[in-house]
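Open the model in your viewer and keep the sequence panel beside it. The stops below say what to select and what to look for.

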Amino acid sequence: MSCLGMALVLVLAQAAAPTAACTEGNATQQAPAPSEASGTFAVLAYFSEGFLGMMLELGCFCVAFASLRYGFPKFRRSASAAKAATDVAVRSKGSAFGHDASPKTARVLTAADLLRCAREGAPCLPVELEGSLTSEALAQMVVECERLGSHSEIIEAAAWLHRLSMDRRVHIFSSTFERLLAIYALGDEARGRDCLHRLLSRRRVLNAGICKLVMVRCVASKCLGLALGVAAHLSQRQDLGLPVFKALLSVYAAAGMHNEACGIYNRMLEAGVEPDAGAYGKLMRCAQAVGNELLSQELAIKSEGCGCIKTILKAIRSAGKEGQLEKAIEAFRQVDLGRALGVSTLAYNIVIDACCANKDVVRALELFEEMGQKGVKKNHITFNTMIKGYGAVGQAGQLHAMMGDMKRSGFEPDRATYSCLLGCHAKASEFEQMWKVLAEIDRLGFGLDSHIVAIVMRSSRHLPTTQEVEKALSILDRPGVDPCADVLVLCAALEACICAKDRQRLDRVMSGYMNRRSSLTGSACLYCLLVQACGVLGRLSMARQVWGIMLQEFDAPTEVGLGCMVDALVEGRQAEEALALFQEWRGRVACGTITYSALIKGFAHVSDADRAMEIFREMRCHGVPRNAIVYTSLLTAHVRAGFMDRVDGILSEMREDGCSPNAITFSVIIRGHCLAGNMSTAVEAMQRMAEVGLQPDCVIYNTVISGCVRQSNYDLADMLIADMKQKGVAPSNITISIVLRMWSRRGCLDKAIETVYDALEGYSNWEQEGKGHSPPIVDAQVGSELIGACIHHGKPKLALEIFRDFKRWPNFDGPDGHAYNAIICGLVKSGDVREAARIAEESLEVLRGGFGKKTVDPNTMFQLFRALRNADLIEKIGFPLYDKLVSVGFPVEARWITLRYC
């Protein structure tokens with residue numbers, strides 16, 4: 001085209017551009033008919049991408065936009081046009097949308113701002129952009145969303161923008177809907193289906209490239225419902241290429257629709273599309289899945305010379321995942337390693353991984369050694385695969401030896417290596433080694449991935465001490481650790497927090513999930529844990545919300561899911577609602593032992609033994625198996641209701657049912673006798689427990705000894721304490737507290753002090769002996785009781801001496817507020833107000849940690865200030881102390897330093 005002709009085209013295009021600005025659907029201005037500009041824009045469309053690129057370089061955005069708008073239909077529907085349209089929209093910054101696109105409408109939020117608004121739940125755009133949410137601006141901001149880092153962030157920002165545009169009734173271009181559809185395919189199936197429905201309702205023919213992208217993303221994110229919807233849209237199309245056909249194959253294979261996948265082969269032949277190696281591999285696997293031997297043979301013949309090795313490698317992987325190890329090795333032997341030198345290492349890695357996945361490390365080691373014999377190079381993945389195999393079977397010695405071979409071969413262990421090592425030690429309950437590996441990961445700066453976090457969370461349920469459990473759970477507090485980023489980590493974190501009853505972290509994890517649930521793929525296990533967590537937190541409204549989400553996802557709950565919801569209602573003291581829910585679903589869900597046990601426990605919580613017995617009788621009537629947990633819950637209901645006379649009958653029925661009482665069953669019965677004051681009967685129950693081979697544990701001894709102390713039956717208490725030592729039952733902090741209280745009541749303060757210091761000596765011995773068992777723990781409760789005993793016996797100086805000695809006590813987590821209350825009140829009563837004020841000031845360091853169980857009682861402080869007033873020390877000591885209390889937020893009162901209370 002001559003320069004004069006080009007200039008004429010540009011002039012005509014720029015003149016027509018303002019009238020070309022209209023949107024799809026309900027546009028604010030009537031668009032000119034295609035015939036009005038058909039000549040000019042047909043010429044523009046003729047030059048397709050080359051012309052568009054030139055127009056963009058020249059800055060003629062209106063011409064570029066108009067060529068897209070009125071060019072040839074085939075070009076408008078092509079993938080290159082979609083890319084060009086994005087370039088026009090982004091680079092023009094609004095000018096391509098005609099005279100309606102003022103500079104104000106061109107202003108859009110950045111990706112970071114969009115994510116911030118989404119997480120804050122902002123109801124509108126920021127003030128400076130208010131009123132600028134147009135269809136064009138929306139299209140640009142949807143593009144911005146895709147600049148975010150993770151899939152969950154992209155979905156979160158796009159969903160907020162979509163919801164905002166719907167609330168403001170902003171028209172959404174079909175191209176914007178397509179982009180939203182591709183975003184939701186990353187993991188939000190519900191919104192993706194809505195977008196697809198809206199696009200199809202506009203009689204929109206979706207771009208094949210968009211369909212392929214959506215299907216590929218759906219397979220990765222397991223949004224198979226959305227993928228099948230797109231596949232149905234493509235079912236009658238004749239203009240599909242190989243990439244789209246391969247995406248269709250992936251969707252049908254992932255959904256288990258192997259017959260439909262085999263039908264794709266005929267469609268490919270009709271369209272004149274030749275399958276490549278990847279397509280042949282997928283088709284062969286689908287044909288084998290449905291037993292179509294003829295098609296399998298045809299595909300095998302045609303795949304010769306077309307990536308046959310890749311097909312074999314995929315067959316090895318597939319057989320390994322299905323547990324068919326012999327079939328995997330047989331397929332591996334078909335690889336001609338002499339002709340496929342480039343994939344020899346890959347082939348060995350795949351078959352070794354298949355062996356390790358099936359826990360056959362002997363066969364894996366044989367193949368590993370065979371690599372060296374045949375001169376096949378080992379790489380980083382080879383060693384990590386072997387290490388993973390040894391970790392799966394818990395062979396820590398061989399794992400460390402393989403790490404040594406790895407280093408000698410010139411490969412440094414990476415995060416995956418240490419992750420396998422960590423899992424191996426955790427599986428073998430070698431927790432000290434597990435902590436060393438975790439420290440090494442931190443030292444090397446690898447960071448914690450989801451697999452490492454999940455391993456530590458799962459191991460927290462088996463850790464021997466509360467300190468180690470806290471250390472494991474504290475990983476959730478680290479920067480960069482997001483328990484909601486992955487379903488695997490989320491399930492492990494929920495289970496760990498529930499088991500440890502760590503409500504604070506559990507609350508944080510639950511809040512994170514509720515804010516980002518749209519970006520996570522739910523599973524039955526996840527929903528059960530979420531409902532269980534709501535029960536632990538006492539949030540019935542949230543439990544009902546999660547229950548509703550689960551029903552939308554799965555239509556009907558599983559038996560475990562129903563049991564968890566019933567249990568959550570029971571924990572919230574809503575036994576009647578739990579019973580109503582059970583009656584609603586028992587005809588459609590197989591209600592088993594778990595659900596019935598939860599109902600019985602619910603009526604046990606409210607001490608309704610009769611209703612608990614009704615549920616139990618119904619359980620027997622329906623033939624539901626009973627176990628020790630069911631009978632223990634039934635006994636708990638009767639014990640709490642005070643019906644101890646029915647206990648023997650329930651035990652007889654339990655034995656007739658073939659259920660043996662366990663330690664928890666006996667613990668419930670013994671506790672009931674102790675509460676009723678029948679100490680001799682409680683001891684007889686302990687003896688029966690020993691007769692059936694169950695050793696009473698520390699909790700049972702504590703229960704009976706405490707009952708003896710309440711009944712002042714000190715001789716029996718002494719006998720039980722001696723029996724406890726003889727049988728090697730390790731005392732707990734509760735045991736020490738009970739014995740201390742007993743000696744204090746008997747007037748033997750020296751014995752009370754001796755009990756505590758013997759326990760402290762026991763802790764030192766425990767450290768020297770190698771920590772083979774749980775240590776005796778002297779905690780803040782024991783310390784405060786000992787101080788209280790000294791004060792009660794009129795020994796404030798001795799109490800002060802012990803209080804100062806607290807700092808030397810090993811593993812001591814005090815003093816707490818109770819200890820401060822006792823020592824301050826004791827010193828005030830003895831007249832040593834100066835020392836009392838000094839300790840009160842010392843307690844401010846404790847108060848800085850927050851108010852709760854460590855808070856000093858305000859009444860104690862008032863008694864101290866009154867004593868300071870009476871001793872004429874209010875100005876010298878009282879006023880400065882008062883100011884310090886105010887500075888830490890202590891609830892002070894002005895009357896403490898006024899004359900009225902002299």
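**Before you start**

This is a predicted model: local features need pLDDT of at least 70 and side-chain atom pairs count only at pLDDT 80 or more, while totals for chains, interfaces and linings use all residues. Residues are numbered from 1 along each chain as its sequence is written, and side-chain values use heavy atoms, with hydrogens and water left out.

**Whole chain**

Show the chain as a cartoon. Its secondary structure comes to 50 helices and zero strands. Helices (H or I, at least four residues) and strands (E, at least two) are DSSP runs, numbered from the N terminus. Of the 902 residues, 49% are buried. Buried means under 20% relative accessible area, exposed over 50%, and partly exposed in between (1.4 Å probe, protein chains only). Now turn to contacts, meaning heavy atoms within 4.5 Å. Among those between residues at least 6 apart in sequence, 65% join residues at least 24 apart.

**Stop 1: α15**

Select residues 242-254. This is helix α15, with 13 residues. From first C-alpha to last it reaches 18 Å, close to the 18 Å expected at 1.5 Å a residue. The expected span is 1.5 Å times one less than the number of residues. Colour by accessibility next. Val244, Phe245, Ala247, Leu248, Leu249, Ser250, Val251 and Tyr252 are buried. What covers the buried residues of α15? The cover includes α13 (208-221), α14 (224-234), α16 (258-270) and α17 (277-289). Then step past the end of the helix: α15 is followed by Gly256, whose phi is positive, near 75°.

**Stop 2: α14 against α15**

Axes are lines fitted to C-alpha atoms, for helices over the stretch in contact, and angles run from 0 to 180 degrees between N-to-C directions. Angles under 35 degrees count as roughly parallel, over 145 as roughly antiparallel, 65 to 115 as roughly perpendicular and the rest as oblique. Show side chains. From α14, Leu224, Ala227, Leu228, Ala231 and Leu234 make the contact; from α15, Val244, Leu248, Val251, Tyr252 and Ala254. By class, that is ten nonpolar, no polar and no charged residues. Ala, Val, Leu, Ile, Met, Phe, Trp, Tyr, Cys and Pro count as nonpolar, Asp, Glu, Lys and Arg as charged, and the others, Gly among them, as polar.

**Stop 3: α23 against α24**

Select 380-392 and 396-408. The axes of α23 and α24 come within 9 Å and cross at roughly 170°. They are therefore roughly antiparallel to each other. In α23, pick His380, Phe383, Asn384, Met386, Ile387, Tyr390 and Gly391; they meet Gln398, Leu399, Met402, Met403, Asp405 and Met406 in α24. This contact has eight nonpolar, four polar and one charged residues.

**Stop 4: two loop residues**

Go to Ser429, in the loop between α25 (415-427) and α26 (431-444). Its phi is positive, about 60°, although Ser429 is not a glycine. At 43% relative accessibility, Ser429 counts as partly exposed.

Now Lys501, in the loop between α29 (487-500) and α30 (503-516). Lys501 is not a glycine either, and its phi is positive, near 55°. Lys501 is exposed, at 58% relative accessible area.

**Stop 5: Thr176**

Finish in helix α11 (residues 174-184), at Thr176. Is Thr176 buried or exposed? Thr176 is buried, with a relative accessible area of 3%. Leaving aside neighbours within four places in sequence, Thr176 is in contact with Leu138, Ala139 and Val142.
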